[in-house]
Amino acid sequence: MSETQSEIGPRIGDQVFEAMQASILNGDYRSGQRLRIRQLAAELGTSVMPVRESLARLEEVGLVETSPHRGAVVKTFTAEELLQVYSVRRILEIDATVEGVQKLTEAGRARLDEEFAAMSAALEAGDATAYLDHDEELLATVYAAAGNPVLVETIRTLWMRCRAYKLVGARREIAAEAFDPLLKHQRRLMDAVDAGDPNAAVRVTEESFDDAIRRIRAGLGDQAAD
């Protein structure tokens, strides 16, 4: 059976959205970069309509902003905005940690080992994007065990909003071959899971956010936005 136009249209729109979202999250489209509809359509091999619709969707999730004079640009976050995002993340991820650590299955625990190994391999390869992908999947595995998909979806949306900042930090540590700061919190979280100690897991999560917030307040957030 051939696909109808109504089936093809949404699929193309989703593909364009996913391609543009990936380009923002991996740093190909940088903060503040202007996103010209016709140029993007040519690059992606599509008409302007899916690009226009994708820009609207990207604005909804906080990755793009529009203005009358500049059009659409990749959103730039100030240090103050990043602090607000991290403040909300801290609340949500502590809650998800408490519930998730207590409910994580053996299969979930094995998944943590897989993601941690992939994180380590990505660092050795100098791939900050892959490192962050596996870092997020490790955490999402713990959070998903809490059994609240809305909570996990909300957290993932907030991750997207600060991805550019996280990329800058990860690339800086990789360039310095300082891998331990990029692995220590995850390693300690896994230890807390093995000990069945949600309080220890919460302390790890709190310390991770405290470290990030200190870096933003020191001005790294503004550097990430440049």
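## Contacts around leucine 138

Contact here means heavy atoms within 4.5 Å. In this predicted model, leucine 138 touches Leu112, Glu115, Phe116, Met119, Gln186, Leu189 and Met190, once residues up to four places away in sequence are left out. Leu138 is also one of the residues with the most contacts inside the largest nonpolar core.

## Overall architecture

The protein contains 10 helices and two strands. Along the sequence, these elements follow the order α-α-α-β-β-α-α-α-α-α-α-α. The radius of gyration is 19 Å, close to the 17 Å that the globule rule gives for 226 residues, so the protein is as compact as a globular protein of that length.

Taken along the principal axes, the box filled by the C-alpha atoms is roughly 55 × 50 × 30 Å. Of the contacts with a separation of 6 or more, 73% are between residues 24 or more positions apart.

## Surface and charge

Buried residues account for 44% of the 226 residues. The accessible surface amounts to about 11,800 Å², and carbon and sulfur atoms contribute 50% of it.

The charged side chains number 27 positive and 38 negative. A distance of 5 Å separates the centres of these two sets.

## Nonpolar cores

The largest nonpolar core comprises 34 residues. Within this core, the residues with the most contacts are Leu112, Leu123, Tyr131, Leu138, Tyr143 and Leu189. Two or more core residues come from each of helix 4 (79–103), helix 5 (106–124), helix 6 (128–144), helix 7 (149–161), helix 8 (163–175), helix 9 (184–195) and helix 10 (198–225). Helix 6 supplies the largest share, with nine residues.

Methionine 190 is placed in helix 9. Its relative accessibility is 8%, and the residue therefore counts as buried, the cut-off being under 20%. Beyond its neighbours within four places in sequence, methionine 190 is in contact with Arg109, Leu112, Asp113, Phe116 and Leu138.

Valine 204 belongs to helix 10. With a relative accessibility of 5%, valine 204 likewise counts as buried. Its contacts, leaving aside neighbours within four places in sequence, are His185, Arg188 and Leu189. Methionine 190 and valine 204 are 14 residues apart in sequence, and their C-alpha atoms are 9.9 Å apart in space. Between valine 204 and arginine 11, which are 193 residues apart along the chain, the C-alpha separation is 41 Å.

## Backbone at glutamate 177

Most residues other than glycine have a negative phi. Glutamate 177, although not a glycine, has a positive phi of about 55°. This residue is found in the loop between helix 8 and helix 9. Glutamate 177 has a relative accessible area of 64% and is therefore exposed, the cut-off being over 50%.

Notes
Residues numbered from 1 in each chain as written. Predicted model: local features only at pLDDT ≥ 70, side-chain atom pairs only at ≥ 80, totals over all residues. Heavy atoms only, no water. Helix = DSSP H or I, 4+ residues; strand = E, 2+ residues; numbered from the N terminus. Rg over C-alpha atoms; globule rule 2.2 N^0.38 Å. Buried < 20%, exposed > 50% of the residue type's maximum accessible area, 1.4 Å probe, protein only. Areas by Shrake-Rupley, 256 points an atom, 1.4 Å probe, with all protein chains shown as cover. Lys, Arg positive; Asp, Glu negative; His and termini not counted. Charge placed at Lys NZ, Arg CZ, Asp CG, Glu CD. Core = buried A, V, L, I, M, F, W, Y, C linked by side-chain atoms within 4.5 Å.
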